[in-house]
Each structure stands twice: as structure tokens, then as C-alpha cells.
Amino acid sequence: APAELSWSRARAGFSMNRRTPDGQGGFRNFPHPDGPVDQEVPVLIVRGGPDAEGDRPLRAVLFGYACHATTLSANEINGDWPGYAQAFIEEDLPGTVALFLNGASGDQNPYPRRLLAYAERHGRALATAVEAALETKARPLDGPLRAALQWTEIPYQDPPPRAELEERVASGDAYSAGHAKLLLERIDAGDGLPTAYPVPVQVLRIGEGLVLAAIGGEVVVDYALRLKRELGGPAAVWFAGYSNEVMTYIPSLRVLEEGGYEGGGAMRYGRTILHPAPWHPSIEERLVGAVHELADRLGASAPQPSEAQR
């Protein structure tokens with residue numbers, strides 16, 4: 001049915017960077033208030049046609065936030081804070097469908113954590129932010145709707161030599177040994193190891209008012225912050241991770257060089273998708289470049305990154 005689209009935003013403050021330096025050159029999963037965050041709450045507002053009084057009733061809201069939905073870390077069937085936010089919005093605004101789109105959450109966690117009450121409180125905080133965005137003067141969005149999608153090949157670094165893989169198998173570490181064993185089985189079968197993986201990159205443009213850039217995988221927050229700077233212009237910029245496929249974490253060059261779980265350590269946990277080694281250092285430039293290429297293809301009137309930014 002015909003609808004009127006507009007875009008607004010607010011903020012919610014419960015996300016925090018989780019990569020805390022351990023003082024020994026590594027990182028631990030712990031709240032890091034000095035780390036980068038993206039606490040913006042973008043909201044796409046969908047209103048129906050005029051009713052008898054001439055009002056346009058709210059039909060749906062699509063809202064985003066950059067944070068893991070991991071207040072509850074146990075194996076429970078629960079929507080965590082995004083689910084509570086949706087429920088609160090639909091309760092507060094009867095007849096409205098609430099939808100959630102995750103942002104660059106790869107290195108972001110909700111705090112405090114572990115208790116069901118915290119998941120509910122975070123959900124209420126996000127619902128309140130969405131409702132605050134509805135109080136602002138929203139940016140009208142017109143047509144046309146344009147979208148472009150491509151899979152960008154991201155190479156891996158060189159895999160460990162056989163001797164190192166055999167050492168890992170003998171280490172007794174469940175994850176490291178299991179990963180190394182799978183790699184050796186593939187090598188011994190003559191299948192060889194993959195040298196790259198196609199990561200989906202998509203750009204959606206709604207008229208001249210909104211550009212949504214989406215990358216697959218658990219994308220760290222650096223991508224959202226960078227692309228909002230580089231694509232910023234006449235159109236608002238919305239970034240989404242976890243889009244079209246989730247194959248592992250997607251680090252920025254900074255996180256890749258720092259190492260740790262999101263920097264490459266998590267890649268040994270994959271079994272269905274076997275990653276032989278961390279991503280190549282070119283990953284950030286390849287993915288950001290793909291976003292710019294697609295935005296250009298759709299006619300986005302955004303400034304191009306400088307040579308220094310590239």
C-alpha cells in the first residue's frame with residue numbers, strides 16, 4: 001500500500017567497546033569506556049495514507065543500533081534487548097510494526113550484562129530512543145529506491161606451515177587443535193586451503209535523502225564511523241553489519257593489527273566455513289572501496305575519500 005517514508009535518529013548509551021587492553025599486549029572481553037562506539041539510533045519511519053482526520057498513522061519503524069545482543073550469554077530462547085525494544089515500541093504505539101537492523105557491533109557489548117532485568121532495561125532504553133526520534137522533525141524520503149550488491153573477494157594471510165599445525169593439534173587446546181586438525185585433513189585430502197572469501201557488500205539508496213551501507217560478517221565499529229565521515233553529505237548515512245551473510249568477524253586494519261578475538265582469533269572457531277588464517281591487511285580498504293564503488297554506481301553525490309583516507 002502507498003506509504004510515506006522519513007528518517008530520523010536519536011541516541012542510546014548502553015553500548016560500550018569490549019576490547020580492553022590487558023596490559024600485556026593483548027585484549028580481554030571487558031567494558032572499555034575509552035574505546036570507539038557508535039551510539040546513534042537511526043530510525044526509518046513508515047506512515048500510511050491520510051485517515052479521516054487527515055493524519056498519517058504510523059505503520060512501522062525500522063531502527064538500528066551498534067551492539068551485540070548478548071546481555072544474556074546463556075543458551076536461552078530470548079530476543080535480548082532488541083526483542084524487548086520491539087515489544088515495548090509495539091506496546092507503546094499500537095498498530096505499529098517494529099523492526100530491528102544491527103549495526104557495526106563486532107566489538108560492542110551491552111553493559112551491564114548477565115541479568116534478564118538488564119536486557120529489559122536496555123530494550124526500554126532503545127525503545128525510548130526510537131520514540132524520541134519520532135518526536136524530531138524527520139527528513140522526508142522520496143524515490144526512487146536503488147540498490148546494488150556485490151561479493152568482494154577478501155584474501156587471507158598465509159596459512160601456518162604444516163609443522164605449526166601439527167604443534168597445534170598436539171597442544172590439547174580444544175579450538176586451536178580442532179581447527180588445525182581440519183586444515184591438515186583438507187591438505188592431506190589434496191583439496192588445498194582457500195585463499196580468499198567473498199564478503200557481501202550492499203548499498204541501498206532511498207531517493208536523495210538516505211544511503212544505507214551494509215557489509216556481511218560481524219563488522220567492528222571502525223567501519224561505521226569511517227563510512228559516515230566519507231559518505232556524509234546531502235544524504236544521511238546508515239551502516240549495518242551482519243548483512244546477507246555472517247561468516248566471521250570483520251576487523252578494521254587497526255583491530256587486525258592489534259589482534260585478539262575480533263582481530264583474527266575467532267576465525268579458528270569456524271567449522272562450517274573454514275578460515276585458514278586471519279584476513280589480509282587490505283581488508284578494510286577493499287570493503288570500504290566496494291561501498292564507495294556501489295554508492296557511485298547508484299549516483300550518490302558523496303565526496304570521494306582522499307588518498308590519505310584510502
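This is a predicted model: local features need pLDDT of at least 70, side-chain atom pairs count only at pLDDT 80 or more; totals for chains, interfaces and linings use all residues.
Biologist: Start inside. Which residues of the largest nonpolar core touch the most other members?

Modeller: Ile215, Tyr223, Phe239, Ile250, Trp279 and Leu287 do, in a core of 34 residues. A nonpolar core here is a set of buried Ala, Val, Leu, Ile, Met, Phe, Trp, Tyr and Cys residues joined through side-chain atoms within 4.5 Å. Buried means under 20% relative accessible area, exposed means over 50%, and partly exposed is in between (1.4 Å probe, protein chains only).

Biologist: Which strands and helices each supply at least two residues of this core?

Modeller: The strands are strand 9 (145–155), strand 10 (196–206), strand 11 (210–215) and strand 13 (236–240). The helices are helix 5 (221–231), helix 6 (253–258) and helix 7 (283–297). Helix 7 gives the most, with 7 residues. Helices (H or I, at least four residues) and strands (E, at least two) are DSSP runs, numbered from the N terminus.

Biologist: What is in the second core?

Modeller: That core is separate and has 25 residues, including Cys67, Ala85, Ile89 and Leu126. In soluble globular proteins, nonpolar side chains tend to be buried together.

Biologist: Back to helix 5. How many of its residues are buried?

Modeller: 8 of the 11, so helix 5 is largely enclosed by the rest of the structure. Among them are Tyr223, Leu227 and Leu231, but also Asp222, Arg226 and Glu230.

Biologist: Now strands. How do strand 9 and strand 10 pair?

Modeller: Antiparallel, over 11 bridges. Two strands count as paired if DSSP finds at least two bridges between them. Gln150 stands opposite Val201 in strand 10.

Biologist: And what stands opposite Val201 in strand 11?

Modeller: Ile215 does. Strand 10 and strand 11 are also antiparallel, over 6 bridges. Their hairpin has 3 residues between the strands, and there Gly207 takes a positive phi near 55 degrees.

Biologist: What is the strand order in the open sheet of 5 strands?

Modeller: The order is 6-5-4-1-8, with mixed pairing. Strand 6 (97–102) and strand 8 (139–141) are the edges, each pairing on one side only. Within the sheet, strand 1 (residues 4–11) and strand 4 (residues 40–47) run antiparallel, joined by 8 bridges. Arg9 stands opposite Pro42 in strand 4.

Biologist: Switching to charges. How many salt bridges does the structure hold?

Modeller: It holds 20. A salt bridge is a side-chain nitrogen of Lys or Arg within 4 Å of a carboxyl oxygen of Asp or Glu. One of them joins Glu262 to Arg18, with the closest N and O atoms 2.7 Å apart.

Biologist: Where do Glu262 and Arg18 lie?

Modeller: Glu262 is in the loop between helix 6 and helix 7, and Arg18 is in strand 2 (residues 15–21), so the pair ties together parts that are 244 residues apart in sequence. Both residues are buried. They also belong to a salt-bridge network with Arg19, Asp222, Arg254 and Glu258.

Biologist: What does Lys228 bridge to?

Modeller: Asp38, with the closest N and O atoms 2.8 Å apart. Lys228 is in helix 5, while Asp38 is in the loop between strand 3 (27–32) and strand 4, 190 residues apart.

Biologist: Is Asp38 buried or exposed?

Modeller: Buried, with a relative accessible area of 10%. Lys228 is partly exposed, at 22%.

Biologist: And what about Asp188 and Arg162?

Modeller: They form a salt bridge too, with the closest N and O atoms 3.0 Å apart. Asp188 lies in helix 4 (residues 174–188) and Arg162 in helix 3 (residues 162–171), so the pair ties together parts that are 26 residues apart in sequence. Asp188 counts as exposed, at 52% relative accessibility. Arg162 is partly exposed, at 38%.

Terms used
Residues are numbered from 1 along each chain as its sequence is written. Side-chain values use heavy atoms; hydrogens and water are left out.
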